[in-house]
Amino acid sequence: MGTLDAARTELGLVVLYLNKAEARDKICRTIQYGSKFLSNGQPGAAQNVDKSTALARKVFRLFKFVNDLHSLISSNPQGTPLPLILLGKSKNALLSTFLFLDQFVWAGRTGIYKNKEKTELIGRISLFCWMGSSICTSVVELAELIRLSSSMKKLEKDQNQTDEHKNEQYLNKLKQSNERLLALIKSSMDIVVAIGLLQLAPKTVNSRFTGAFGFITSLISCYQLLPCQTKR
C-alpha cells in the first residue's frame, strides 16, 4: 500500500509538471534543439522535427509578452542597487519585445501574414532582442552572485566558532547562490544560441554547436521548473 501511495504521489507531481504550459514549451525546446544538433543543418527527418517543433512552440508563447510587461512595471525589492534595477527592467523590456514580435513571425510562417521578407526581418530583430535580454540576465546574475558571496563572507565572520553550514540564513544564501550560478550558466549559453540562430559567426557557431548549447539550456530550464525547484 505504501508503494502504491508513493507511486501515486510521484505520478501526481508529473501531472502537475506537465500541466504547466511553460514546462511543455521547454520540453518541446529540448526536442527542437536536440533535432537541430542531430541534423547539423542538413535536410532530413531531424531538420523537419526541428522546424515543426520551433513553429509549434510559438503557439505556446502567444500573448506571453504580457508576463514580462507586467514585470517591467512592477516594483523591485528594497535594497536593490539602481544599476541592477535598470538592467532587470532592460531585460524585461527586451524579452517582452522578443515575445511580441515572435507572434508576427508565427503569423508569417503559418501563411497568415504573406510578406516573407518582412517576416524574416522581424524574426532577426526579435532574436537580437532575445540575445540582448540574455546578456542583461547574465550581468544581473553575475552581480547578484557577487552580492551573495560578499554577504556569505560577512556571515562567516559574524558566526566566529559556529559552523556556518548549520546556520539557516547561511544555507539559504548558499542555495540562492547555486540557483543564481545555474541561471548565469543558462543565460550565458543562450547568448551563444542566439549568435548561432542569427548566424553572426557561422564558421564558429554552426548548427550543431547551436543545437548542443540549446539542448543543454533547455534541460536546465526543465530542471528549474520542477515542483521541488518552484517551491523555494
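Colleague: Which residues make up the largest nonpolar core, and how many are there in all?
Modeller: Keep in mind that this is a predicted model. Helix 5 (82–109), helix 6 (116–159) and helix 7 (168–198) are the elements that each give two or more residues to the core. Its members are Tyr33, Phe65, Phe98, Leu99, Leu127, Cys129, Trp130, Met131, Ile191, Val193, Ala194 and Leu198, and the count in all is 12 residues.

Colleague: Let's zoom in on one member. Leaving aside neighbours within four places in sequence, which residues is Leu127 in contact with?
Modeller: Leu127 belongs to that largest nonpolar core. Once neighbours within four places in sequence are set aside, the contacts of Leu127 are Phe98, Ala194, Leu197 and Leu198.

Colleague: How many disulfides are there, and how far is the sulfur of Cys222 from the closest cysteine sulfur?
Modeller: A disulfide needs two cysteine sulfurs within 2.5 Å, and by that rule the count is 0. Cys28 is in no disulfide. For Cys222, the closest cysteine sulfur is that of Cys28, and the gap is too far for a bond: 9.5 Å.

Colleague: Is Cys222 buried or exposed?
Modeller: Buried means under 20% relative accessible area. Cys222 has 13%, so the word for Cys222 is buried.

Colleague: And Lys26, is that one buried or exposed?
Modeller: Lys26 sits in helix 2 (residues 21–39). Beyond its neighbours within four places in sequence, Lys26 is in contact with Ser218, Ser221, Cys222 and Leu225. With a relative accessible area of 14%, against a cut-off of under 20%, Lys26 is buried.

Colleague: What is the N to O distance in the salt bridge of Arg57 and Asp25?
Modeller: Arg57 is in helix 3 (residues 45–60) and Asp25 in helix 2, so this pair links distant parts of the chain, 32 residues apart. Both partners are buried, Arg57 at 7% relative accessible area and Asp25 at 2%. Their side chains meet with an N to O distance of 2.8 Å.

Colleague: What separates Glu144 and Arg147 in helix 6?
Modeller: These two also form a salt bridge, at 3.2 Å, N to O. Glu144 counts as buried at 13% relative accessibility, and Arg147 counts as partly exposed at 39%. They are 3 residues apart in the helix, so the separation is about one helical turn.

Colleague: Now the surface. Which residues form a nonpolar patch there?
Modeller: One of them, Val14, lies in helix 1 (residues 2–18) and counts as partly exposed at 43% relative accessibility. Together the patch has about 330 Å² of accessible area, and its residues are Leu11, Val14, Val15 and Leu18.

Colleague: How far apart in space are Val139 and Gly88, C-alpha to C-alpha?
Modeller: Val139 is found in helix 6 and is partly exposed, at 39% relative accessible area. In sequence, Val139 and Gly88 are 51 residues apart, while in space the C-alpha to C-alpha distance is 9.4 Å.

Conventions:
Residues are numbered from 1 along each chain as its sequence is written. This is a predicted model: local features need pLDDT of at least 70, side-chain atom pairs count only at pLDDT 80 or more; totals for chains, interfaces and linings use all residues. Side-chain values use heavy atoms; hydrogens and water are left out. Buried means under 20% relative accessible area, exposed over 50%, partly exposed in between (1.4 Å probe, protein chains only). A nonpolar core is a set of buried Ala, Val, Leu, Ile, Met, Phe, Trp, Tyr and Cys residues joined through side-chain atoms within 4.5 Å. Helices (H or I, at least four residues) and strands (E, at least two) are DSSP runs, numbered from the N terminus. Contact means heavy atoms within 4.5 Å. Patches are made of residues with over 30% relative accessible area and no salt bridge: like charges are joined within 9 Å, nonpolar side chains (Val, Leu, Ile, Met, Phe, Trp, Tyr) within 5 Å. Accessible areas come from the Shrake-Rupley method with a 1.4 Å probe; for residues, only the protein chains shown count as cover. A salt bridge is a side-chain nitrogen of Lys or Arg within 4 Å of a carboxyl oxygen of Asp or Glu.
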